[in-house]
Amino acid sequence: MKWISRNREIYKAAARLALPIGLQSLVALSVNLVDTVMVGRLGETSLSAVSLANQFITTYQASCLGIGMGASVLISRFYGGQDMDGVKKAVTVMLRLVILFGLTFTVVTAAAPGFLMRLYTAEAAIVREGRDYLRVFAFCYIIHGVTLTATLTLRSVGKSRIPMFSSIIAFLINLAGNYAFIYGKFGAPSMGVTGAALSTLLARVFEFAFVAGYLFFGDKTVGYRLRDIFGKCASITGEYFRIGLPVFAGEALLAVGNNVLAMVMGRIGAAFVSANAIATVTQQLSTVLLQGFSQSACILVGQTLGRGEDQKAVRTARVMLKLGLYIGLAGSILILGSANFVISVYQVTAETAAIAKQLLQVTALVVIFQSVDSVLTKGVLRGGGDTRFILLTDMLFLWIFSVPLGAMAGLAWKLPAFLTYFFLKTDRILSCVLCLWRLKSGRWIHTIGQETKGAEKKG
C-alpha cells in the first residue's frame with residue numbers, strides 16, 4: 001500500500017493513457033476474434049487461409065507501427081519539452097515513410113497474391129482462398145498505415161480517446177459487414193473469405209476518415225495540417241533515423257521472423273495453423289491491457305525525460321514493470337481457466353482441438369515473461385531512447401533460438417505440439433531476462449533532441 005500511495009501520480013497518469021489504448025486494443029482484438037470465429041465456420045481451409053494471409057498483412061502493420069513508434073519516442077520527448085515544431089517535423093517524416101511503404105505493399109500484393117500465399121503453404125485450396133482475401137485487402141494498406149501512425153501521434157500527446165471511439169464504430173461496421181458478405185445476409189451475395197476482406201476494407205476506410213481526419217483538420221494540440229506534409233524536416237531526419245530506425249527495423253524484422261515461424265507452422269499442417277490462430281487470439285485477449293500499459297510506459301518515460309526529470313523516469317519504469325508482471329500473471333490464469341471454453345467456440349476437428357489445448361498451455365506459461373518483456377521493450381527502454389539495444393535483443397533471440405529450434409522441433413524432430421510451440425516462443429523468455437538486467441544497469445536513458453536543436457541554431 002505504501003508503494004501504491006507513493007506512486008499514485010504515476011498510476012493515475014498511466015491509467016489515463018492505458019485504459020483508452022487498452023479498450024481500443026480490446027476492440028481491435030475483438031475484430032480479429034469475430035473474423036476468426038465467423039470465417040472458421042466456413043471450415044478449416046478458410047480459417048487457415050485467412051490466418052496465413054494475415055501473417056503477411058501483419059508484416060505491413062508491424063512496419064507501420066515501427067515507423068510510428070520510432071516517431072512516438074521523439075514526439076513524446078519533444079512534447080514533454082514543449083517543442084511543438086519538433087513534434088510536427090517528426091510527424092512529417094513518419095507520414096512520408098508510411099505512405100511509401102503503403103504503396104510498396106499495395107503493388108506487391110496486387111501483383112502476386114498467389115505467390116505470397118505459397119510462401120506459407122503448398123496446399124492449393126488454402127492458397128486459392130488466401131489469394132482472394134489478399135486481392136481485396138490490397139486497397140487497405142495506405143489508409144490503414146496512415147490511421148495507425150496518426151493514432152500513435154494522438155496517443156503521444158495524451159489524446160487516446162479519439163482512436164478508441166473510432167475503433168468501436170469500426171468494429172460494429174466490420175461485424176455487420178462480415179455477417180452480410182461472408183454468409184450472404186441482408187440481400188448481399190455470399191462471398192466467403194472475400195466477404196471478410198471486404199468488410200475489413202469498409203472498417204479501415206471509416207477509421208481513416210475518423211482518425212486521420214481529426215488529426216489533419218480538427219486537432220489543436222499538435223496543430224498538424226495536410227500542408228505540413230510538404231514542409232521542411234531536414235533538421236529532424238538524422239535524429240529520427242538515429243532513434244526511430246532501430247524501432248522500425250526491430251518491428252519489421254520481428255514481423256519477418258514471425259512470418260518465418262508461420263511458414264514453419266504452415267508446413268507442420270493445417271491443424272497446427274488453425275490451433276495457433278486460436279491460441280494467438282486467446283493470448284491477446286487475455287492480456288488486452290498490456291499494449292495500453294506498454295505504450296503508456298513509453299509515452300510517460302519519454303515525456304518525463306523531456307522535462308529533465310530522470311529520477312522520476314526511473315521510478316516510473318519500476319512501477320510499469322510491476323504492472324507488466326501483474327498483467328502477465330492474470331493473463332496466465334485466464335488462459336488456463338478458459339481454454340476448454342475457447343476451443344469449444346470453434347468448429348474444428350478433434351485433432352485441431354487437442355493441439356490447441358497444448359498450445360494454450362504453453363501460452364499460459366510464456367505470457368508471464370512476454371508481458372514483462374513487452375512493458376520493457378515497447379515501453380520503458382524505448383521511451384528512454386534505448387532502441388538499438390532492443391533491436392539487438394529482439395533479433396538475437398528470435399533468429400538464434402526461436403526460428404531454428406522451432407523449425408527443427410516441428411519439421412525434423414517431429415516433437416509434440418507442446419514442445420514445438422515452446423521452442424517457437426523461447427525468444428520472449430530470454431529477452432525478458434536480458435531486458436531486466438538492462439533496466440537494472442541504468443544505461444537505458446539516452447539524450448534526444450540535442451542534435452536537432454544544434455542544427456536549428458546553425459540554420
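Cores, helices and loops of a predicted model

At 4% relative accessibility, isoleucine 10 counts as buried, where buried means under 20% relative accessible area, exposed over 50% and partly exposed in between, computed with a 1.4 Å probe on protein chains only. This residue belongs to a predicted model, in which local features need pLDDT of at least 70 and side-chain atom pairs count only at pLDDT 80 or more, while totals for chains, interfaces and linings use all residues. Residues are numbered from 1 along each chain as its sequence is written, and side-chain values use heavy atoms, with hydrogens and water left out.

Isoleucine 10 lies in helix α2, which covers residues 8–40; helices (H or I, at least four residues) and strands (E, at least two) are DSSP runs, numbered from the N terminus. Leaving aside residues up to four places away in sequence, isoleucine 10 touches Leu300, Arg315, Thr316 and Val319, a contact being heavy atoms within 4.5 Å. Tyrosine 120, by contrast, is 110 residues from isoleucine 10 along the chain, and the C-alpha atoms of the two are separated by 44 Å.

How confident is the predictor in the chain, in terms of mean pLDDT? The mean pLDDT of the protein chain is 86, and 96% of its residues reach 70 or more, pLDDT being the predictor's confidence in each residue on a scale from 0 to 100. Over residues 451–459, however, pLDDT stays under 50, and for this stretch the model has 10 contacts beyond four places in sequence.

We turn next to the interior. In soluble globular proteins, nonpolar side chains tend to be buried together. A nonpolar core is here a set of buried Ala, Val, Leu, Ile, Met, Phe, Trp, Tyr and Cys residues joined through side-chain atoms within 4.5 Å. The largest such core has 101 residues, and those with the most contacts inside it are Leu95, Tyr141, Tyr224, Phe272, Leu359 and Tyr421. Helix α3, residues 44–80, supplies the largest share of this core, with 15 residues. Apart from it lies another core, of 30 residues, which includes Ile10, Leu17, Phe389 and Leu439. Leucine 95, in the largest core, touches Val146, Thr149, Phe216, Tyr224 and Ile229, when residues up to four places away in sequence are not counted.

A search of the whole structure finds 15 aromatic pairs, where rings of Phe, Tyr and Trp (its six-membered ring) pair if their centres lie within 6.5 Å, and planes under 30 degrees apart count as stacked, over 60 as edge-to-face and the rest as tilted. Phe56, Tyr60, Phe105, Tyr133, Phe137 and Tyr141 form one aromatic cluster. Another example is the edge-to-face pair of tyrosine 179 and tyrosine 183, with 6.4 Å centre to centre and 75° between the planes. Both tyrosines lie in helix α8, 4 residues apart, which is about one turn of the helix. Tyrosine 179, at 37% relative accessibility, counts as partly exposed, and tyrosine 183, at 26%, also counts as partly exposed.

Helix α8 itself, residues 161–183, has 23 residues and reaches 33 Å from its first C-alpha to its last, close to the 33 Å expected at 1.5 Å a residue; the expected span is 1.5 Å times one less than the number of residues. The buried residues of α8 include Pro163, Met164, Phe171, Asn174 and Phe181. Just after α8, glycine 184 takes a positive phi of about 75°.

Most residues other than glycine have a negative phi, and most peptide bonds are trans. Glutamine 82, in the loop between α3 and α4 (84–111), has a positive phi near 60° and counts as exposed at 57% relative accessibility. Lysine 414, in the loop between α15 (387–412) and α16 (417–424), has a positive phi near 55° and counts as exposed at 61% relative accessibility.

How many disulfides does a search of the whole structure find? The search finds 0, a disulfide being a pair of cysteine sulfur atoms within 2.5 Å. For cysteine 233, the nearest cysteine sulfur is that of cysteine 64, 18 Å away, and cysteine 233 is buried, with a relative accessible area of 6%. Cysteine 435 has its closest cysteine sulfur in cysteine 432, at 7.6 Å, which is too far for a bond, and cysteine 435 counts as buried at 0% relative accessibility.
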